[in-house]
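Dear colleague,

I am handing over the structure below, with a summary of what was found in it. Please read the notes beside the coordinates.

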Amino acid sequence: MAKKAPTPAPAAPSSPDAASVAKVFSLIQEHSVELVDLRFTDPRGKWHHTT
């Protein structure tokens with residue numbers, strides 16, 4: 001019976017660079033964004049939600 005190769009770990013998220021942050025803020029102003037809704041799960045699978 002052949003052994004399965006181990007599954008590679010997902011890549012660690014990189015920190016945002018200044019250009020990316022500036023682009024987000026520029027889009028927020030351009031589109032008159034008033035609220036940003038964030039929903040995500042932490043590494044343990046717990047759901048988080050903030051506005």
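**The hairpin and what surrounds it**

In the hairpin formed by β1 and β2, five residues lie between the strands, and G45 adopts a positive phi near 95 degrees. This is a predicted model, in which local features need pLDDT of at least 70 and side-chain atom pairs count only at pLDDT 80 or more, while totals for chains, interfaces and linings use all residues. Residues are numbered from 1 along each chain as its sequence is written, and side-chain values use heavy atoms, with hydrogens and water left out.

Strand β2 (residues 47–50) runs antiparallel to β1 and is joined to it by four bridges, where two strands are said to pair if DSSP finds at least two bridges between them. R39 has H49 in β2 as its bridge partner. F40 is also found in β1, which covers residues 38–41, and with a relative accessibility of 43% it counts as partly exposed (buried means under 20% relative accessible area, exposed over 50%, partly exposed in between, with a 1.4 Å probe and protein chains only). Together with V33, V36 and L38, F40 makes a nonpolar surface patch of about 330 Å²; patches are made of residues with over 30% relative accessible area and no salt bridge, nonpolar side chains (Val, Leu, Ile, Met, Phe, Trp, Tyr) being joined within 5 Å and like charges within 9 Å. A salt bridge is here a side-chain nitrogen of Lys or Arg within 4 Å of a carboxyl oxygen of Asp or Glu.

Taken from the N terminus, the elements run α-β-β, helices (H or I, at least four residues) and strands (E, at least two) being DSSP runs. The radius of gyration is 18 Å, well over the 10 Å that the globule rule gives for 51 residues, so the protein is more spread out than a compact globule; the radius is taken over C-alpha atoms, and the rule is 2.2 Å times the number of residues to the power 0.38. Along the principal axes, the C-alpha atoms fill a box of roughly 60 × 25 × 15 Å, and 0% of the 51 residues count as buried.

Helix α1 (residues 18–30) has 13 residues, and S32, which follows α1, has a positive phi near 50 degrees. A11 lies in the segment before α1 and is exposed, with a relative accessible area of 73%. Although A11 and S32 are 21 residues apart along the chain, their C-alpha atoms are separated by 34 Å.

Notes:
Areas by Shrake-Rupley, 256 points an atom, 1.4 Å probe, with all protein chains shown as cover. Expected span 1.5 Å × (residues − 1).
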